[in-house]
Amino acid sequence: MKPVTTDFQKSHVPNAANLNNAWYHVSCQKLNLREKAPSVNAAYDALIIGAGFTGVSAALKLAKSGASVAIIEQHALGNCASGRNGGLVCSGFRHDQKWFEDKIGALAAQDVWQVAEAAKAHLRANLHEHKIEADFETGLVFAAHSKSTLDWAQKDAEHLTKQYGYKALTNLDNAECANALGTDVYWGGVRDDGAGRIHPLKYLFGLLQAADNAGAHIFEKCQAQKIVETSTGIEITTNMGVIKAKKLLLCGDGQLEGINSQVEAKVMPIGSFMIATKPIEDEFMRGAVGAMDTKFVVNYFQRTRDNRLLFGGGEKYTPHWPKDIASFVRKNLAKIYPQFADIEITHAWGGILGITPTRLPFVRQISNNILVSAGYSGQGVLLAPFFGDILAKVILSEKSPFAMIDKLPVPDFPGGKFMRFPLLTAALSYYSILDKLP
Ligand SMILES: Cc1cc2nc3c(=O)[nH]c(=O)nc-3n(C[C@H](O)[C@H](O)[C@H](O)COP(=O)(O)OP(=O)(O)OC[C@H]3O[C@@H](n4cnc5c(N)ncnc54)[C@H](O)[C@@H]3O)c2cc1C
């Protein structure tokens with residue numbers, strides 16, 4: 001049976017099955033999974049919807065602990081956001097720590113910071129334990145596009161150093177930032193040696209391979225279409241048949257419309273776009289492996305191991321994606337790197353990521369047997385694998401910071417089922433206009 005296209009996919013995002021390959025797909029070894037998983041008509045301790053970082057990491061932890069677990073993925077493995085993102089491994093969450101202190105108090109803000117730091121240790125442990133070679137290197141610059149954002153970023157860096165004991169930050173003035181990144185368009189910035197860049201598809205495939213080795217069943221092109229909670233567990237209707245499980249993990253990020261209304265109300269999908277240049281002969285980013293800037297519609301970029309510039313810039317909040325992604329992103333690239341305005345672009349692609357109204361992940365137990373973690377709002381490379389691991393620990397009754405992160409404030413998007421998308425589009429478009437003001 002062919003996977004159905006949900007109303008959501010018809011109405012709000014292009015079908016991810018048809019997305020262009022990212023440069024990552026041609027620079028990564030193919031997966032070598034065990035023989036095809038057996039028929040879906042089995043009963044599992046846990047079933048996971050979505051084979052991105054969240055779902056695969058949860059599956060890995062569960063399988064390693066001896067639980068019977070299956071992941072279902074509606075598209076080809078690696079085609080999700082986790083396999084086609086900017087690869088920036090950022091510190092903390094999408095807000096500075098002062099924001100957390102104001103909203104949840106100084107002590108809880110310390111706990112939030114420690115969760116993100118623990119996610120870094122989890123990343124390193126994963127790479128080491130499963131021997132994943134994913135081009136991970138540290139040295140990320142947060143570059144300021146205005147005087148006011150420079151002042152804010154550098155004050156935040158001082159606050160993190162003094163109050164949180166985080167010693168990895170160095171303030172950069174205009175010349176130092178220009179030297180680090182090879183562009184003088186920024187006012188300055190902050191270099192973070194605890195953050196970095198990774199080849200996300202190599203990391204995802206490494207985790208998938210490890211989950212497969214540990215015994216997880218992986219069903220590709222298998223779409224969850226309906227969930228029924230029974231007195232003993234869950235029944236999930238898919239295009240391959242009905243699967244039964246004791247527990248269900250929703251790891252579909254912003255793509256769960258029609259599957260669960262609670263997640264739908266809080267996590268919405270947006271499109272983000274990237275290009276890869278040909279390898280650049282001159283050394284163009286001497287003091288960093290990647291960067292993101294302070295714009296609302298953020299520019300983010302990394303230097304690959306073979307000296308390409310991977311550049312992300314431009315977002316879409318509607319289903320109408322740019323017909324020519326390379327030209328769409330090149331305009332933003334040319335503003336940051338005028339010297340590369342006409343450079344050869346070898347790959348151009350887009351992806352779908354989930355955002356929440358507060359830009360904080362939505363991590364909850366939403367019923368007796370269903371848990372969710374989604375909506376990392378652009379910080380999922382570091383957080384999603386760690387939060388997947390946390391979901392698994394909840395099922396296994398192991399200690400984890402779940403009780404703290406499930407209290408992070410994530411209201412519904414305003415507007416209800418029908419007005420959420422128009423209101424989101426209007427609001428985000430307004431903020432993106434502010435980026436253009438001096
Ligand atoms: C272009 C781009 C650039 C980005 N850059 C960065 C960055 O530099 N740094 C950073 O930290 N974050 C970045 N992100 C965000 C990051 O990629 C995500 O936060 C993260 O990958 C989310 O992981 P996930 O596992 O929750 O979701 P995903 O990786 O999206 O995986 C969810 C999977 O669930 C599947 N699914 C959904 N519904 C169903 C269903 N009904 N049945 C079966 N399967 C289903 C989907 O097909 C998908 O494969 C970027 C995202 C994009 C798109």
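Colleague: Which residues are the closest of those that surround the ligand?

Modeller: Thr 54, Glu 73, Ser 82, Gly 86 and Val 381, out of 38 residues that surround the ligand; a residue is near a molecule if one of its heavy atoms lies within 4 Å of it. Keep in mind that this is a predicted model, where local features need pLDDT of at least 70 and side-chain atom pairs count only at pLDDT 80 or more, while totals for chains, interfaces and linings use all residues. Residues are numbered from 1 along each chain as its sequence is written, and side-chain values use heavy atoms, with hydrogens and water left out.

Colleague: Why is Arg 305 with Glu 133 called a salt bridge?

Modeller: The term asks for a side-chain nitrogen of Lys or Arg within 4 Å of a carboxyl oxygen of Asp or Glu. Here the closest N and O atoms are 3.4 Å apart, so the pair passes. The structure holds 16 salt bridges.

Colleague: How many of those run between domain 1 and domain 2?

Modeller: The count there is 0. The bounds, from an automatic or database domain assignment, are 7–84 + 201–266 + 358–429 for domain 1 and 136–196 + 269–354 for domain 2. Their contact (heavy atoms within 4.5 Å) takes 28 residues from domain 1 and 22 residues from domain 2.

Colleague: What is the area buried between domain 1 and domain 2?

Modeller: About 2,000 Å², 68% of it on carbon and sulfur atoms. That is accessible area (1.4 Å probe) lost when two parts are put together, summed over both. Across this interface, 4 residue pairs are in polar contact.

Technical notes
A polar contact is a pair of N or O atoms within 3.5 Å; within protein, one must be able to donate a hydrogen and the other to accept it, and residues adjacent in sequence count only if both atoms are side-chain atoms.
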